[in-house]
Amino acid sequence: MPTTTPSRTSIEIASQPACWRQAAESLGRHSAALPRRGERVAVVGCGTSWFMAQAYAVLRESGGHGVTDAFAASEFPQGRGGYDRILAITRSGTTTEVLDLLDRARDAGVPTAAITADPTTPIMTAADAVSVLDFADEESVVQTRFATTVLALLRAHLEAEGALPAGVRSVARAAADAERAVTEPLVAEVSGAEQFTFLGSGWTYGLALEAGLKMREAAGAWTEAYPAMEYRHGPISVTGPGRVAWMFGPLPAGLDADIARVGGTLVADSQDGAGDLDPLADLVRAQRLAVAVAEARGCDPDRPRNLTRSVVLENSRA
């Protein structure tokens, strides 16, 4: 009887609960790189790392820990001053835009820090302080566990500082929810859909953006992502039979009825109920969905089209 070997991406997705716990347990070793209470911080990254930066920025600022902005590294406003720290998220430690930004920040006298997976890369000397999560590094091109482990570490830091926003669960609870998320079967109506719109609000909007990116990267799927309250302002027009609207976090009032009216399938399993998932654990389900859709379409999730582990440009700043 033939056996199916799980993809490398699937194995890494399933390891996330353990990675999140390890990040929280090792929090004390990362203090030099993490923002201090009251600092004005810019968090930067590229692709998935940028979306994690967006989620963290909302969590930190809404929790009262300090003003926090998030930027794609290439779009950082170079003329803007006033930041006490620039925090870069970079799995590979080699991304050109991130290294160039940190170089410019050093020239301007702005303190910098980075969170990376690889301690042998240029990021180790490009930033003033570096947090290494090598236990969450990945072989896959498509990022899953490193990105979520970074956010788990940053959440654990806010939790330890008493700055976790009301209603956001502990990392321990999120990890327990993620254990469910890696084992519960995916609904056929969802995995067989032709189109996916991911929605979020506040910090979960970054998760919605990341879910959409995972589906595009792994499966080449038609996906979109929006703030939940913007969905009615145009994007709902794409929803219909055979198409999914997936909400991270609490569902805005009346949105379920609007989705039902147009014939779409609603996924909203990370709300505030006792049996609901933490939104970060719900992202794990979206990652699994991306792999399932990729494999159903004959794509290899470990070898996504047109992608490499890191973007390194030849014409970077000297």
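Tutor: Leaving out residues up to four places away in sequence, Thr112 touches Ile86, Leu102, Ala105, Ala126, Ala127, Asp128 and Ala129, where contact means heavy atoms within 4.5 Å. This is a predicted model, in which local features need pLDDT of at least 70, side-chain atom pairs count only at pLDDT 80 or more, and totals for chains, interfaces and linings use all residues. Residues are numbered from 1 along each chain as its sequence is written, and side-chain values use heavy atoms, with hydrogens and water left out.

Student: Where is Thr112 placed, and does Thr112 count as buried or exposed?

Tutor: Buried means under 20% relative accessible area, exposed over 50%, and partly exposed in between (1.4 Å probe, protein chains only). Thr112 has 3% relative accessibility and therefore counts as buried. Its place is in strand E4 (residues 112-116); helices (H or I, at least four residues) and strands (E, at least two) are DSSP runs, numbered from the N terminus.

Student: Which residues of helix H7 are buried, and where do they fall around the axis?

Tutor: In H7 (residues 171-181), the buried residues are Val171, Ala174, Ala175, Asp177, Ala178 and Ala181. Seen down the helix axis, they fall within an arc of 160 degrees, so they line one face of H7; the arc is that of the directions from the helix axis to the C-beta atoms. Among the elements that cover them are helix H2 (16-25), helix H6 (145-160) and helix H11 (279-296).

Student: Where is Trp203 found, and which residues is it in contact with?

Tutor: Trp203 is found in the loop between strand E6 (195-200) and helix H9 (204-219), and it counts as buried at 11% relative accessibility. Beyond its neighbours within four places in sequence, its contacts include Ala55, Val58, Leu59, Asp278 and Pro279. Trp203 and Ala53 lie 150 residues apart in sequence, yet their C-alpha atoms are 9.7 Å apart in space.

Student: How many disulfides does a search of the whole structure find?

Tutor: A disulfide is a covalent bond between the sulfur atoms of two cysteines. The search counts a pair of cysteine sulfur atoms within 2.5 Å, and it finds zero disulfides in the whole structure. Cys46 is partly exposed, with a relative accessible area of 25%, and Cys299 is partly exposed at 30%.
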